[in-house]
Structure formats: structure tokens, C-alpha cells
Amino acid sequence: MVHIKTKEGASLWIALLAALLVAAVMTLLDVVWWSILCTAAGVFVVVALVALFIIRKYVAYKLKPIYSIVLSRDVHTREIFSELQDKKVENIGEELSAWADTNDKEIARLKEAEQFRKQYLGNVAHELKTPIFNIQGYISTLLDGGLEDELINRKYLERAEKSIDRLINIVNDLDTIAKLESSMNKLDMEKFDVVALAKEIAEQAEMEADKKGIRISVKGADNLPSPFWVMADKHYIGQVFVNLIINSIRYGKENGQTRIRFRDMLDKILVEVEDNGLGIGKEDLPRVFERFYRTDKGRSREQGGTGLGLAIVKHIIEAHGERITVRSEPGVGSTFSFTLKKVNLQDIK
């Protein structure tokens, strides 16, 4: 079977068949050989040119609307002729298939983004609704006569204050994420001792940890400055430590421990924040960095978390071009690990 891949090839085959047919008819009519040869050659040339013109016109007619869709504008016939000049039909098919595949992926991405947007808005509304309804209930009770009742007025005002604090925390975290998404290309990169920073944040969190008898240890902080210097945005990395340490305290066991360790990974410094708390189930691990995702919704709200802390951490680490991971086992504890760009000590001096 003959495989025709070009317009020229198709026109030549048509011309050849026409020439052979004319030659066969003239042979049956006993025409002299040189006349048959000249006539067949003339028919071949004329039919080849006419066939090529018709095929090009037909192909251009069929492809014009397709290219108009692909290029999102009106396409002139001469553009189609120029596009087809040196291309095989197979090449055109591959191009259009690639375009269709790209658009399918883009449509899938947009659908996923739309689904995420809807879910995100729903989560925001749900998170805000709970404290707002609580505040509304407390105030309504006070206005209905509870304000004069000394047994409940102070208690309800304190509960309303807690709900307001929760609202403020949610709004602040949402504002932080919005700023991270819009200005992560404006990181204030500097060289600093990451162990010293971790020790400073750990000392600030000691009062919160003491409430549950949790001890925070920073390995390598005994002899400062340490050999673990990094190039990063000190303010944002401090926020990472705050979120991870507070997270380990909230979900840690009574009289437990939070350990912060550092490892030299050649051109990177690996930072690990480990606790021996509740741990995270396998089904929840892939989603712990999602906004508002909670492994234990009731307990999370009770602890005062907004569900945005780990999402903020992920944004900050990825803005530095690094990755954060988590490994965990229920009842054993969790370890959050991330890397930062290492600075050689000789570059500091």
C-alpha cells in the first residue's frame, strides 16, 4: 500500500494515474509512440499542477476554521498556504493534537483551581461563621437580661472576647497568606545563624509550653554562634519556627518534648522540628498543608488554631525555593523537616 504524506505526493500520484490512463487509451487507438509519450507527459504536468492547486485549496478550506480557533483570530488563506508549504499532513495532525492536549490540561487546571476556590471560600465562611455566631449568641443572652445577672455576665463577656480573638487570628492569618502570595518575590535575604534564631523563638514559646509541661530543646544551641548559617529571609523563617513550635505544643502530650535539630546537607541545612504528640494518620498526611484542613476539627478549634499555620509555613519555605515535608505516626509524634540554603562559614568572616 502506498503511503501519501504530502500534498505534492498526492498530486503526483493523481497525475501519474491520469497520464497512464491517457497513454493506455492512445495505445489502444494505435497512436504513434512519440505522440503518446508527449501527450502523457503534458497530461502529467497539467494534472499535477491542477491537482496540487485543488488539494491545497481544499486543505486550506478545511484547516482555516481550525487554525482560527487555535490562534484565536481570523486567519487568511495565504497564511494557511504559508503554514502548509513545507509540512506533511502528519506534522499538522501532531501540532493540532499537541494544541488540543495543552488545552485539555489547561481546562483541567482551571477546573481544579475553580474547585479549590469554591472549597477555600466555603472553608473561610465556615471558619468565620462559628465565632461570629458565638459572639451573637453571647451578646443576645446579655441583652435579654443576662447583663444584670452577675453569675453569667462576666463569663459570657469572656467567651465573647475569646471568639473575637479567634476572629482576629483568622483575619491576621488570611492577611499573611495574601501578602505571601503577592510579595514572595520581595524576600529580604540575609545571612544568619538559624540555630540562634530557633533558640530565640523557643525561649519566647516557653511560657506556652510550660502550661502543658512540654520541654523545648534546640540541639546545637549550647555554643553560639553555631556552624549552621543560612541565606534566607530571617523574619519569615522566624515565623516558620513560631508556627511549627506552637503547633507542636498544641498537639503535644502533657509533659512531652519538642526537639529542634539541624543537619549539614552539603549545600543545604536540614531543619527538623519533632514532637512526641498525637501524631497524624496516613490518610491526613497528604493534606496537612492545605488551608483550614484539620485532622481533628473539634480539638483544633479548642486549641485555638486557625487551620492556616501550616499553609503559611509551606508558602514561606516554597518561596525560598525549598520544600517542607512531614513524617508522622499516630500516638508517636510528628517531625516537620525543611531545608534552607547553606552559607559557608568562611563567607561570613
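I looked up Leu 16 and found it partly exposed, because its relative accessibility is 35%. For this I took buried as under 20% relative accessible area, exposed as over 50% and partly exposed as in between, with a 1.4 Å probe and protein chains only. Leu 16 sits in helix α1, residues 7-28. I read helices (H or I, at least four residues) and strands (E, at least two) as DSSP runs, numbered from the N terminus.

I note that this is a predicted model, in which local features need pLDDT of at least 70 and side-chain atom pairs count only at pLDDT 80 or more, while totals for chains, interfaces and linings use all residues. Residues are numbered from 1 along each chain as its sequence is written, and side-chain values use heavy atoms, with hydrogens and water left out.

**Surface patch**

I then checked what Leu 16 belongs to on the surface. Together with Trp 13, Leu 17 and Leu 20, Leu 16 forms a nonpolar patch with about 390 Å² of accessible area. Patches take residues with over 30% relative accessible area and no salt bridge, joining nonpolar side chains (Val, Leu, Ile, Met, Phe, Trp, Tyr) within 5 Å and like charges within 9 Å. The areas come from the Shrake-Rupley method with a 1.4 Å probe, and for residues only the protein chains shown count as cover.

I went on to strand β5, residues 268-275, where seven of the eight residues are buried. Strand β4 (residues 257-265) pairs with β5 in the antiparallel sense over eight bridges; two strands pair if DSSP finds at least two bridges between them. The β4-β5 hairpin has two residues between the strands, and Leu 266 takes a positive phi near 65° there. I also found β5 joined to β7 by eight bridges, again antiparallel.

The bridge partner of Arg 259 in β5 is Glu 274, and the bridge partner of Glu 274 in β7 is Thr 335.

**Salt bridges**

I searched the whole structure and found eleven salt bridges, each a side-chain nitrogen of Lys or Arg within 4 Å of a carboxyl oxygen of Asp or Glu.

Arg 261 forms one with Glu 274, with the closest N and O atoms 2.7 Å apart. This pair links distant parts of the chain, Arg 261 in strand β4 and Glu 274 in strand β5, 13 residues apart. Arg 261 counts as buried because its relative accessibility is 19%. Glu 274 is buried too, with a relative accessible area of 19%.

Glu 272 forms a salt bridge with Arg 263, the closest N and O atoms lying 3.4 Å apart. I have Glu 272 as buried at 4% relative accessibility, whereas Arg 263 is partly exposed at 39%. A network of salt bridges links Arg 259, Arg 261, Arg 263, Glu 272, Glu 274 and Arg 327.

I also looked at Glu 208 and Lys 211, whose side chains meet in a salt bridge of 3.8 Å, N to O. Glu 208 is partly exposed at 36% relative accessibility, and Lys 211 is exposed with a relative accessible area of 64%.

**Aromatic pair**

My search of the whole structure gave four aromatic pairs. Among them, Phe 241 and Phe 338 are edge-to-face, 6.0 Å centre to centre with 65° between the planes. The pair links distant parts of the chain: Phe 241 is in helix α8 (residues 234-250) and Phe 338 in strand β7 (residues 333-342), 97 residues apart. Rings of Phe, Tyr and Trp (its six-membered ring) pair if their centres lie within 6.5 Å, and planes under 30 degrees apart count as stacked, over 60 as edge-to-face and the rest as tilted. I find both Phe 241 and Phe 338 buried.
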